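Hi,

Here is the structure I promised to pass on. Have a look at it first, and then read my notes on the two ligands below.

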Amino acid sequence: MINNTNKKIPQHVAIIMDGNGRWAEHRGKTRVAGHKAGVESVRAVVTTARESGVKALTLFAFSSENWLRPEKEVSVLMDLFMFVLTREVKRLHKNGIRFEVIGDLSRFSKKLQQKISEAQELTVNNEGMLLSIAANYGGRWDITHAAKKMAEAVKNGQLAVEDITESTLNSFTSLAAAPELDLLIRTGGDYRISNFLLWQAAYTEFYFTEVLWPDFDEKEFGKALDVFDQRERRFGHTGAQVINK
Ligand code: IPE
Ligand code: IPE
Ligand code: MG
């Protein structure tokens, strides 16, 4: 359990969980073994985030570009997703976590889509923490999808063009229910966003670590929270203005 006395806690944390394949390759194992090991890190981080008082946690599990991987790896990832979903949902529910999957779900099997909607329905009223898993997700897709839905609302007469603000567009994005994204973590040593949360990351703090995802645990998450606590967020103001506030 992390000691958070007087610490500034990010309301919304997102993680690009990268490095499973390299973790496995370093051990002479198949990439799939890395993905399996990564599931344990997901468990640890969900628990720690919840205990730390984080209100929303968004995890990048599968990008819209990851379909380009070898077919075998994609199919194992789908099976793993299905397996973990089946195994973990009751536990999430018991811990008061609301579960959501964000992304274009239409490309997933009917069975997986069914499991996802059951899990979402079961946990919809939970207020402990919002856990969003980004699967077949792309930041550009999210913005495009929101624009489409907004255009439909205009066409149906539910929305006037003059009334469109940033907050209107935000309400059509897949993380509309989550608070502002405060902290984005990327494991695995690469310094890029890989088409993850583009709209949401406008004023987010970034934390990059060399640690590979299967090695990312409660302690590593605590380090990221410590770094966040030390950051001065100015939102356009001067440093002096922020200190005086
Ligand atoms: C992240 O780990 C998991 C997914 C993208 C599904 P990678 O599989 O990208 O691992 P590396 O980057 O090859 O080590
Ligand atoms: C980003 O990781 C996607 C996930 C972690 C799910 P990738 O490993 O696919 O990213 P790139 O392609 O190296 O940028
Ligand atoms: Mg990778």
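This is a predicted model: local features need pLDDT of at least 70, side-chain atom pairs count only at pLDDT 80 or more; totals for chains, interfaces and linings use all residues.

**What surrounds the ligands**

As for polar side-chain atoms, one of Asp 18 lies 2.8 Å from an oxygen atom of ligand 1, and one of Arg 31 is 2.9 Å from a ligand 1 oxygen. For Arg 22, an N or O atom in the side chain is 2.7 Å from an oxygen of the ligand. On its own, ligand 1 has 380 Å² of accessible area, and the protein covers 87% of that. And where does ligand 1 sit? In the largest pocket.

Now for ligand 2. The space it takes is the largest pocket. By class, its shell has five nonpolar, two polar and four charged residues; among them are Ile 16, Phe 60, Phe 62 and Arg 192. Strand E2, residues 56-63, gives the most here, with three residues.

Asp 18 turns up again: one of its polar side-chain atoms lies 3.1 Å from an oxygen atom of ligand 2. A polar side-chain atom of Arg 186 is 3.4 Å from a ligand 2 oxygen, and for Ser 194 a side-chain N or O atom lies 2.6 Å from one. Taken alone, ligand 2 exposes 390 Å², of which the protein buries 78%.

Cheers

Definitions and conventions
Residues are numbered from 1 along each chain as its sequence is written. Chains are lettered from A and ligands numbered from 1 in the order in which they are written. Side-chain values use heavy atoms; hydrogens and water are left out. A residue is near a molecule or strand if one of its heavy atoms lies within 4 Å of it. A polar contact is a pair of N or O atoms within 3.5 Å; within protein, one must be able to donate a hydrogen and the other to accept it, and residues adjacent in sequence count only if both atoms are side-chain atoms. Accessible areas come from the Shrake-Rupley method with a 1.4 Å probe; for residues, only the protein chains shown count as cover. On a 1 Å grid over the protein atoms alone, a cavity is a set of points where a 1.4 Å probe fits but cannot get out, and a pocket is an open set with protein on both sides within 12 Å along at least five of seven lines; lining residues have an atom within 4 Å of a point. A molecule sits in a cavity or pocket if more than half of its atoms lie within 2 Å of its grid points. Helices (H or I, at least four residues) and strands (E, at least two) are DSSP runs, numbered from the N terminus. Ala, Val, Leu, Ile, Met, Phe, Trp, Tyr, Cys and Pro count as nonpolar, Asp, Glu, Lys and Arg as charged, and the others, Gly among them, as polar.
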